[in-house]
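Please work through the exercises below with the structure open beside you, and try each task before you read its solution.

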Amino acid sequence: MDVKSSLLLLLLPLLLLLPSSHAALTVGFYNTSCPSAESIVRSAVAAAVSANPGIAAGLIRMHFHDCFVRGCDASVLLISPNGTAERDAPPNASLRGFEVIDAAKAQLEAACPNTVSCADVLAFAARDGAALVGNISYQIPSGRRDGLISNAADADLPPPTANLTELIDRFGKKNLTELDMVTLSGAHSIGVAGCGSFNFRLFNFSNTSQVDPTLDATYAAFLQSRCPNATATGTVNMDSITPNVLDNNYYVGLTRNLGLFSSDQTLLTTNTSNAMVMENVNNASKWASLFAQSMVKMGAIDVLTGTQGQIRRNCSVVNPTTVDLLLPKSTETSQVASF
């Protein structure tokens with residue numbers, strides 16, 4: 001029996017005695033253990049957004065991509081030495097804002113070591129980004145723990161080609177309703193997208209149309225000027241009306257056939273989804289309120305709490321296990337992520 005196996009057997013009785021709980025997320029979770037937690041994250045996000053407003057979109061998108069794969073456990077932040085983590089998957093290749101999470105986490109570790117999870121940092125950062133570029137403020141329950149597993153193969157996210165039925169199904173599997181889906185799609189009112197995510201709508205779309213007929217002709221011509229061929233690698237704003245503001249103009253754009261992705265324009269497919277879009281067009285404040293509610297709901301998907309997971313000290317690396325810390329250096333294993 002090797003050293004690691006022997007130590008595991010010795011520690012097993014102690015591990016079985018540890019309490020196991022699945023506590024609920026709560027607002028103000030760190031009020032006692034780290035009172036400055038949320039303000040530290042808010043300051044880090046504010047500094048980043050001041051330098052580059054587009055970072056707010058990146059943080060919101062990263063939180064979505066994290067929650068939709070294995071739940072909101074910060075698994076999207078883990079780095080793999082062999083390129084097999086979630087952040088290495090094609091849908092996550094353009095994620096940005098990792099440095100903002102790292103900066104906030106470094107400050108938190110200095111102020112309150114081993115206390116605030118990376119999953120909560122990401123949830124706070126997404127909330128703060130929404131406040132800074134959309135004036136959408138809300139309280140976010142916290143108490144998440146960080147996951148130990150991150151696999152690129154798990155990153156099966158809703159694609160920009162998805163139709164309405166597929167979107168409803170995928171969101172439904174995360175206990176999010178059609179209304180949540182339509183509401184959260186409004187996050188596409190900020191940020192940019194690469195040509196490859198919508199180029200298929202511009203060239204050889206079908207046997208009868210070179211361009212997707214649901215695209216406004218003038219807008220399609222503009223997109224073709226920015227992405228002149230099927231292999232172009234440029235970027236365009238996802239919202240052509242108010243690209244740097246998180247607001248309901250995304251829905252206004254849909255009614256003008258200015259949805260960048262097929263998954264945007266498909267929201268007008270049925271009477272039900274179309275009615276939701278029109279409600280958002282006509283009532284900006286109601287959409288903002290719904291967006292806050294849906295972000296809180298999304299932020300609770302399959303969370304780890306209590307003694308589940310861990311509180312990572314470095315968001316891109318899982319903490320060494322007790323056994324690994326007891327091993328001689330010559331046999332200690334690399335603890336980057338568990339795959």
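The exercises that follow concern a predicted model, and each is a task with a worked solution.

**Exercise 1. The overall fold**

Task: Find how many helices and strands there are in the protein, and what percentage of its residues is buried.

Solution: Begin with the elements, and you will find 13 helices and 2 strands in the protein. Then turn to burial, where a residue counts as buried if its relative accessible area is under 20%; of the 339 residues, 50% are buried. Finally, take the contacts with a separation of 6 or more, of which 75% join residues 24 or more positions apart.

**Exercise 2. A pair of helices**

Task: Describe how helix H2 and helix H4 pack, and which residues meet.

Solution: First locate H2 at residues 37-51 and H4 at residues 98-111, whose axes lie 9 Å apart at an angle of about 145°. Next look at the handedness, and you will see that H2 passes H4 in a right-handed crossing. Then list the residues that meet, among them Ala37, Ile40 and Val41 in H2, and Val100, Ala104 and Gln107 in H4. Sorted by class, this contact has 10 nonpolar residues, 1 polar residue and no charged residues.

**Exercise 3. The largest pocket**

Task: State how much space lies in the largest pocket, and what lines it.

Solution: Start with the space, which is about 920 Å³. The lining has 36 residues, and those nearest the centre of the pocket are Arg61, His65, His188, Met238 and Phe261. Helix H3 gives the largest share of the lining, with 6 residues. By class, the lining residues divide into 23 nonpolar, 10 polar and 3 charged.

Note on methods. Residues numbered from 1 in each chain as written. Predicted model: local features only at pLDDT ≥ 70, side-chain atom pairs only at ≥ 80, totals over all residues. Heavy atoms only, no water. 1 Å grid on protein atoms, 1.4 Å probe; cavity = no way out; pocket = protein on both sides within 12 Å on 5 of 7 lines; lining within 4 Å. Points joined across faces, edges and corners; volume = space filled by probe spheres on them. Helix = DSSP H or I, 4+ residues; strand = E, 2+ residues; numbered from the N terminus. Nonpolar A, V, L, I, M, F, W, Y, C, P; charged D, E, K, R; others polar. Axes fitted to C-alpha atoms, helices over the stretch in contact; angles between N-to-C directions. Left-handed = near helix turned anticlockwise from the far one by under 90°. Contact = heavy atoms within 4.5 Å. Buried < 20%, exposed > 50% of the residue type's maximum accessible area, 1.4 Å probe, protein only.
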